Every structure is written in structure tokens, then in C-alpha cells.
Amino acid sequence: MSEDSIKDSVSGLREWVQSEALPLWGGVGFDAASSTFIERLDPQGSPLLLVPRRIMVQARQIYVFSHAALLGWWPAGAEIATLAAHAMVNAGFETDGAPGWIFSIDCHANPIDRKRELYTQAFALYGLAWAYKAAPNPTFLDVAYATVATLERFFASPTGGYFTALPADVNRRDQNPHMHLFEAFIAWHDATGDSRFLARAAQIYSMMAARFFQPDRGVLPEYFDASWTPCRGATGRICEPGHHYEWFWLLRSYARRIGMAHEPISKSLKLFADRYGGDAENLIVDELLDDGTVNKASRRCWPHTEKIKAEVAAFEEGESLASLRAARTISRLRSVFLGRPKPPLWVDHIGPNGHPLVEYVPASTLYHVFLATAEAHRVWG
């Protein structure tokens with residue numbers, strides 16, 4: 001590939017997002033009656049109306065349409081995102097009198113699953129940050145502060161970080177929700193300039209450096225015990241190359257914001273993912289063990305978008321070949337996952353034989369695809 005190929009690759013990806021994905025999910029993918037986003041479409045692109053709608057997915061779609069409006073890619077996105085953000089707050093935040101965000105609602109925006117997960121709290125914060133960027137409504141900021149208070153009062157773990165869910169399993173800790181909290185705090189700092197959000201991001205960075213990252217192996221395990229030691233046995237050895245790439249991009253983004261010249265963790269994460277995460281088809285596998293052995297050979301769409309973001313960050317720090325690696329990844333993303341079985345749709349998950357593992361089209365994927373496209377366009381568009 002020539003160096004010019006990255007511009008063509010990014011242009012084609014942006015065109016697909018702008019002309020196919022956004023009109024679909026801003027059209028049949030948005031339920032105007034309840035101001036909520038559809039959770040799934042069928043393989044023909046029709047909405048599966050009765051599938052419960054996770055707050056996490058509402059927040060991800062709010063992000064997408066807020067960012068699309070700010071970029072001018074979908075100007076009507078600001079109105080949709082604002083409506084959906086208000087609906088998400090009204091339906092999902094402390095609607096049953098208990099603290100924090102519930103897990104899911106039905107097609108009428110009534111609560112279904114009232115469990116409290118850290119992952120949901122993180123994405124609700126993230127979606128509201130972007131809604132606030134697109135249309136600065138004080139309600140969104142008030143709810144963000146209230147969510148942070150809930151985290152500190154009910155989710156905070158005595159050994160650092162946060163419990164994975166409430167009621168708390170005292171023996172379980174997960175790193176992935178912390179990554180998205182890190183992302184949400186950075187987004188809120190960008191939206192408001194409030195240094196308290198960046199300070200909370202700094203706390204999670206400290207957890208990453210002291211607990212999550214395993215420097216002797218250069219890996220990021222997924223699952224920990226109460227002392228933030230990787231779980232015993234194979235469970236504690238599981239790591240995901242997609243999360244290595246996602247953390248790489250986030251850590252480099254954070255380092256730029258605080259003026260950290262040499263962030264010491266991210267390079268090891270990307271090296272491990274680059275060395276072991278790709279298979280013979282140049283696709284990224286779902287799971288590895290800490291010695292690089294493939295633990296789950298299936299492939300999902302989203303890790304490929306995270307590799308694109310990682311190559312954006314690498315390119316910005318002087319790695320000229322990162323543009324070629326990004327172009328190759330975009331090519332695989334589009335040829336294998338996007339535009340199937342119809343142009344506006346995607347295949348989210350495939351097995352080692354290349355066959356789809358799910359028959360529906362999940363809305364949750366668009367967050368990954370859009371953010372990777374926006375980042376690639378910012379640098380190479």
C-alpha cells in the first residue's frame with residue numbers, strides 16, 4: 001500500500017458512516033415515540049422492537065449522534081441525542097429510588113432490569129458528556145455530578161477502584177469498566193474544563209499503573225480478585241488484544257492532556273497485541289492468554305476499530321508506518337464486517353470459519369466504528 005492509501009481508506013470509511021450508518025440508526029434505529037434507540041436490527045435492517053434497551057447502548061448512541069452533529073456529518077444528530085439523553089435520564093437514573101443507573105428499559109422506556117453495573121454507570125457518564133458538548137443542558141451536568149457521587153458512596157472499593165456491580169461481589173474486580181470510566185472522566189473534562197474530572201481520571205490511571213497492568217508480562221488482564229491480583233487459574237490469564245489497543249489510545253490521549261512526555265505503559269500493551277493478537281487472516285482474535293496463546297479464536301468487529309485508533313495515536317507520535325497499518329485494518333474491517341449483509345449493516349461477530357455467530361445487528365457496535373472513523377478522519381482526512 002502507498003502512503004496515499006490511508007486517505008482513500010479513511011474517505012471511504014467516513015462516506016459509509018455518513019451515508020449508510022447514520023441515516024439508518026437515526027431513522028429506523030431511533031424510536032421517536034419513546035425517544036430511545038433500538039437495541040438491535042434484524043438482518044434485513046428492521047428494528048427488533050421488543051428487545052430490552054440497555055442504558056449502555058442508549059449512551060453509546062447519544063455519543064455517536066452528538067459527535068456526528070459536532071463534526072457536521074449529521075446535523076440533526078444534536079436534536080436526536082438531546083431527546084435521547086433526556087429520555088435516558090428520566091427512564092434510567094434512580095427511577096426506582098435506588099442509587100445510580102439501572103441496566104435496561106423496554107420499548108416504552110419503562111425499567112426492566114434494575115441491577116446496577118459499573119459498566120452502565122461509566123457509559124451513562126460518557127453519553128451525557130457528549131450530549132452536553134452538543135447542547136449544554138445543565139441537567140446533564142447535574143446528573144453527571146450525581147453519578148460520580150453515587151460511584152464514590154456505593155461503588156468505591158476499599159482496595160482501590162470500584163466494585164463491578166451492586167450488590168457488590170467482594171471477591172470480584174474487573175478492569176474494563178474502569179477503562180470506560182477513564183474515558184468518561186476525560187470526556188467530561190473536555191466538555192467542562194472542570195479539573196475534578198481530570199483528577200478522577202488520574203486516580204484510574206494510578207490504578208492502571210499499580211494494579212491493572214502486569215509489567216513482567218506486558219499485559220492487561222481482564223479479571224481480578226479483591227486485592228486486585230489477577231484471578232487464579234486461566235481466568236486471571238485472559239487478556240483481550242482489543243482492550244490493549246483501546247487502552248493504548250486512551251493512555252496516549254490522557255498523556256497529551258496532562259503534558260506527560262513519555263507514558264510508560266501503553267507501548268507494552270500495543271506490542272503484545274501486535275505480536276499475538278492477529279491471526280492468519282489478519283483479523284484480531286477475541287482473547288489471548290498472558291503468554292500470547294489464543295484463548296478464543298473468534299473475531300469481533302470492535303477490536304479492529306480500536307486498532308485503527310491505536311494507529312492514529314502511534315502516527316501522531318511519529319510512527320510513519322502506522323498510517324499503512326491503519327489502512328490495512330480499515331480494509332479488513334470493511335471487507336469482513338461492515339456493509340454485510342446489506343450496505344448499512346454489519347456483522348458483529350464471526351467464528352474461526354468466518355461464519356457469523358449472531359443473526360442480529362447490534363447498535364452497540366456503532367460507537368466503536370464511529371469513534372475510530374472520527375479519529376482517523378481527524379488525522380488523515
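Predicted model: local features only at pLDDT ≥ 70, side-chain atom pairs only at ≥ 80, totals over all residues.
**Helices side by side**

Let's start with a bit of background.

| Helix pair | Axis distance | Axis angle |
|---|---|---|
| α5 (residues 138–155) and α6 (residues 176–192) | within 13 Å | roughly 145° |
| α8 (residues 241–258) and α9 (residues 266–276) | 8 Å | about 150° |

Take α8 and α9 first. With an angle of about 150° between them, α8 is roughly antiparallel to α9, because angles over 145 degrees count that way. Their crossing is left-handed. On the α8 side, the contact is made by Pro241, His244, Tyr245, Trp247, Phe248, Leu251 and Arg252. On the α9 side you'll find Ser266, Lys267, Leu269, Lys270, Phe272, Ala273 and Asp274. Sort the residues of this contact by class and you get eight nonpolar, two polar and four charged.

Now for α5 and α6, whose crossing is left-handed. Here Phe140, Leu141, Ala144, Val148 and Leu151 of α5 meet Leu181, Phe185, Trp188 and Thr192 of α6. By class, that contact has eight nonpolar residues, one polar residue and no charged ones.

Next up are the strands. In a sheet, they pair through backbone hydrogen bonds, either parallel or antiparallel. Arginine 54 stands opposite serine 104 of β5.

**Strand β12 and its partners**

Is strand β12 (residues 285–289) mostly covered or mostly uncovered? It's mostly covered, with five of its five residues buried. β12 pairs with β11 (residues 238–239) in the antiparallel sense, over two bridges. In that pairing, isoleucine 238 has leucine 289 in β12 as its bridge partner.

β12 also pairs with β13 (residues 294–300), again in the antiparallel sense, over three bridges. Here glutamate 287 stands opposite lysine 296 of β13. Together β12 and β13 form a hairpin, with four residues between them. Look for glycine 292 in the turn: its phi is positive, at about 90°.

Definitions and conventions: Residues numbered from 1 in each chain as written. Heavy atoms only, no water. Axes fitted to C-alpha atoms, helices over the stretch in contact; angles between N-to-C directions. Left-handed = near helix turned anticlockwise from the far one by under 90°. Contact = heavy atoms within 4.5 Å. Nonpolar A, V, L, I, M, F, W, Y, C, P; charged D, E, K, R; others polar. Pairing = 2+ DSSP bridges. Parallel < 35°, antiparallel > 145°, perpendicular 65-115°, else oblique. Buried < 20%, exposed > 50% of the residue type's maximum accessible area, 1.4 Å probe, protein only.
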